[in-house]
Amino acid sequence: MSQYNSTEAALTRDEMAKLVAADIPAGAFVNLGIGQPTNVSNFLTTEQGVTLHTENGMLGMGPVATGEDVDEDLINAGKIPVTELPGASYFHHADSFAMMRGGHLDVCVLGAFQVSAEGDLANWHTGAPGAIPAVGGAMDLAIGAKQTWVMMGLFTKTGESKLVEALSYPVTGLGCVSRIYTESAIFVIDESGVTVRSTHGITFEELDAKIPVDLIKA
């Protein structure tokens, strides 16, 4: 693990996505979830040789499409127009889920409502009245991928930590999350506990006071 570091300013969404992209191993097969994770595709380099999978049935997805590159028939699972890279392939939805469930993806990057200190994930429903549950393929990805990483805002609109001791929202997957990327800090979860790899716009001590979880400084 890299040594702890900090920056004076919180990370922007693009900066978060760039850090995630840089951490993805060369040659990996990766699924990017709906929301913030989609942005990671814009920061992957050709040299990394990463192949992106989208659960609606495509391997070899490129960056998000803009301008004249937009093809309304070429979208990811979040219905966002995307591009295709040379060698891209298409397949049935069932085959796509077989890839996800069969352990063929090296990394998936998902959004979250909560992550627990044990790496439990909640990202499909808050239980709020009128909220529309949207589990999609998240359960299959969270458990099927070799590594599950999360991108999320660290705090709710009312200032509560989304990194918690135990989930209070419906569970997506248990013990599956190994990394969390937020605007304020990057966390690694393993057998030793929750380690803070870096802080952004906040000191480790300030972070420790706001998070209801025992934190280890890298």
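Modeller: Before we start, contact here means heavy atoms within 4.5 Å. Also, this is a predicted model.

Biologist: Thanks! Leaving aside neighbours within four places in sequence, which residues is Leu 163 in contact with?

Modeller: Quite a list: Val 115, Ser 116, Ala 117, Met 152, Leu 154, Ile 180, Phe 187, Val 194, Ile 211, Pro 212, Val 213 and Leu 215.

Biologist: And in the largest nonpolar core, which residues touch the most other members?

Modeller: That core has 31 residues, and Leu 163 is among those touching the most other members, including Ile 180 and Phe 187 as well. Several elements each supply at least two residues, among them helix H2 (93-101), S11 and S12.

Biologist: Which element gives the largest share of this core?

Modeller: Strand S12 does, with 3 residues. Apart from this core lies another one, of 23 residues, including Met 16 and Trp 149.

Biologist: Does S11 pair with S9 in the parallel or antiparallel sense?

Modeller: Parallel, over 4 bridges, with S9 spanning residues 147-151. For example, Val 150 has Ile 180 in S11 as its bridge partner.

Biologist: What about S12, parallel or antiparallel to S11?

Modeller: Antiparallel, with 3 bridges joining S11 to S12 (residues 185-190). There, Arg 179 has Val 188 in S12 as its bridge partner.

Biologist: How many residues does the hairpin between them use?

Modeller: The hairpin joins S11 to S12 through 3 residues.

How values were computed. Residues are numbered from 1 along each chain as its sequence is written. This is a predicted model: local features need pLDDT of at least 70, side-chain atom pairs count only at pLDDT 80 or more; totals for chains, interfaces and linings use all residues. Side-chain values use heavy atoms; hydrogens and water are left out. Two strands pair if DSSP finds at least two bridges between them. A nonpolar core is a set of buried Ala, Val, Leu, Ile, Met, Phe, Trp, Tyr and Cys residues joined through side-chain atoms within 4.5 Å. Buried means under 20% relative accessible area, exposed over 50%, partly exposed in between (1.4 Å probe, protein chains only).
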